[in-house]
Amino acid sequence: MIASSDVSTCAHPKCESKFKRFGDGELFVFNISDPAAWGLHDHVRQKVFWLCEHCCVRYFVRFDRKHHSAQVLHRPARGKAA
C-alpha cells in the first residue's frame, strides 16, 4: 500500500525521487466519489500518484476503490517481439 498520495515524491515506497516537472515519470489520476472514506475533504474528487521515470518502467499504481487503498505493483512482463 502507498503511504502517501503526495505527488512531490515517487509513490514507490523505496524510492526517494522528487517530482520536478511534468514529463518525467508517470502520473496516475483516479476519480473518487467518496472523499470522506479516504480521509479527504468533501471537495476532493481525485487521488493523484506519481512514479519517477525509473520506477514507472517497472511498476504501476493500482487503485482499489472497495478497500480505499492504492498499491505500487510490478508491471506485467511484455511479450518479446518476433
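These notebook entries record what I looked up in the predicted model shown above.

**Entry 1: the nonpolar core**

The largest nonpolar core has 19 residues. I noted the residues with the most contacts inside this core: C10, F49, L51, C55, V61 and F63. I then asked which helices and strands each supply at least two residues of the core. They are the strands β1 (26-31), β2 (46-51), β3 (59-64) and β4 (69-74), together with the helix α1 (55-58). For context, I recorded that nonpolar side chains tend to be buried together in soluble globular proteins.

**Entry 2: the salt bridges**

How many salt bridges does the structure hold? I found two.

One of them joins R21 to D24, and its closest N and O atoms are 3.3 Å apart. I looked up the accessibility of both partners. R21 has a relative accessible area of 52% and is exposed, because the cut-off for that class is over 50%. D24, with 22% relative accessibility, counts as partly exposed.

I turned next to the salt bridge between the side chains of R75 and E26, where the distance from N to O is 2.6 Å. This pair links distant parts of the chain, since R75 lies in the segment after β4 and E26 in strand β1, 49 residues apart.

**Entry 3: a nonpolar patch on the surface**

I then examined the surface for nonpolar side chains. F22, L27 and V29 make a nonpolar surface patch of about 310 Å². I located F22 in the segment before β1. F22 is exposed, with a relative accessible area of 66%.

**Entry 4: a buried charge**

My last entry concerns D64, which is found in strand β3. D64 is buried yet has no salt bridge. Which side chain of opposite charge is nearest to D64? I identified R62, which is 4.5 Å away.

Key
Residues numbered from 1 in each chain as written. Predicted model: local features only at pLDDT ≥ 70, side-chain atom pairs only at ≥ 80, totals over all residues. Heavy atoms only, no water. Core = buried A, V, L, I, M, F, W, Y, C linked by side-chain atoms within 4.5 Å. Buried < 20%, exposed > 50% of the residue type's maximum accessible area, 1.4 Å probe, protein only. Helix = DSSP H or I, 4+ residues; strand = E, 2+ residues; numbered from the N terminus. Salt bridge = Lys/Arg side-chain N within 4 Å of Asp/Glu carboxyl O. Patch = residues over 30% accessible without salt bridge, like charges linked within 9 Å, V, L, I, M, F, W, Y side chains within 5 Å. Areas by Shrake-Rupley, 256 points an atom, 1.4 Å probe, with all protein chains shown as cover. Lys, Arg positive; Asp, Glu negative; His and termini not counted.
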